[in-house]
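Dear colleague,

Please find the structure below, handed over for your records.

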Amino acid sequence: MDESIVVSQLLDHSKTRWDISKLRSVFYDATVTSICRIPLPLNVRSDKWIWTKTVYGELSVKSAYWLGRSSNPPPNQDLLRGQIWKTRIRERLKMVLWRVATNCLPMKDKRLRYDANVDTICQLCDTGHESIIHLFINCLLARALWFKHRKVRSSPQIRGNRVPSLWLKPGNGSFKINVDAAVGAYHFAVAVIARDWRGELVFTCSKKVNTTLPLQADLWAVQIAEHFTSAPVMIEGDSQVCYRSITVQGMDTPWTIENIIHSVKSLASNLPFLSFRWVPREANEATHSLAKWSLLYSMYGSFDFGNSPC
Ligand SMILES: [Zn+2]
C-alpha cells in the first residue's frame, strides 16, 4: 500500500463497508474501532475534498485565519477587541467601536506624522488636541454626550415565533414516527415511537448503534417507514440542522452529517407518502425518554405497554 492513502482504499469492494483486515494492517486497534463507528453511505458516492475546520466543509479565509491563530494565541488586547463583535449592539456601532479600539480613525494627531504644521486643535471644543482618546473621552462635547444624556435606547429583543411544544396527533388516517437518540460513552441508543391519527401507540422500539452520529436514528426511522405502504407517515425529530437539511431544497448540509442525510433522502425519495418535520425537544419527550432509558439499562428491542417507560 502507498504511504499516502485515501479513504476509498480503506473500503471493501462494495465501497459501502470498511475493509476490516486492511484497517487492522494500517491502524492500531483503538483507531480501527473509531473508524468502524463512522457510518458509511448506503450508496456509493464520489470522493471530494472536505475542509474539516468549517461546518459545511468548504475552505474560508476566516477558518484558515483562526486555524493559524490557534497555534499563536492573540494578545489580551486582541481578545478585548474580539469582544466588540459579540456585543448586542447595532452592527454599524460595532464597526465604529472597533475602529476606536484599533485607533485607525483619521484623527488630526495622525496627520502630524506626515505634516508637522497641521493644526491639531479639536474643532468641537477648541481646548484639546484631536486624538481618539480626546474625541471619545476627554472632549467637552463627548463628556456632555456621555454624562448628560443617560437615557439610552435599548436594542429591541429578538423573539422568535413560539413553536408548539406539545406532541400533536398526525392527520386523520396517517401515522407519525418520533425519533431520538441518547449518547453514551461508547455507543448510542436510538429509539422510535410510532403512533396513529388517534394518538394510539402502534409500536415502540430501541436499538444500540455503534456509530458517531445520533442521526442514525432518523435513517432507522425511514427504514421502518418503508413498511408503511398504505398511509401517510410523518417522521418527527428534534435535530433542527438535520431536518432543515432534509426538508429545505438547496440547503447546505454540515459535512459531518452529509453522508447520512444523503442516505435518508435517497431512501425517502422512494416513499412518496413520507414527510419530515422538526419539533422542539419538549414535543419529542417520550422518544427521548425511551432512548435514555434504553441506554441506561442496556435494554433494547420492541416494548409493549408493560415494559415501555413511555
Ligand atoms: Zn474636543
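The model contains an open sheet of six strands in the order β5-β4-β1-β2-β3-β6, with mixed pairing. Its edge strands, β5 (274–278) and β6 (301–303), each pair on one side only, and the twist averages 20° from one strand to the next. Strands (E, at least two residues) and helices (H or I, at least four) are DSSP runs numbered from the N terminus; two strands pair if DSSP finds at least two bridges between them.

This is a predicted model: local features need pLDDT of at least 70, side-chain atom pairs count only at pLDDT 80 or more, and totals for chains, interfaces and linings use all residues. Residues are numbered from 1 along each chain as its sequence is written.

Within the sheet, β2 and β3 (residues 201–209) pair in the antiparallel sense over eight bridges, and Ala-194 stands opposite Phe-203 in β3. Helix α12 packs on the sheet, touching β1, β2 and β3, and its direction makes about 140° with that of β2. Helix α9 lies across β1, β2, β3, β4 and β5, running at about 150° to β1. Such angles run from 0 to 180 degrees between N-to-C directions, with axes fitted to C-alpha atoms, for helices over the stretch in contact.

Ile-177 touches Val-192, Ala-194, Ala-221, Ile-224, Ala-225, Val-233 and Ile-235, not counting residues up to four places away in sequence. Contact here requires C-beta atoms, placed from the backbone, to lie within 7 Å.

Notes:
Two residues are in contact if their C-beta atoms, placed from the backbone, lie within 7 Å.
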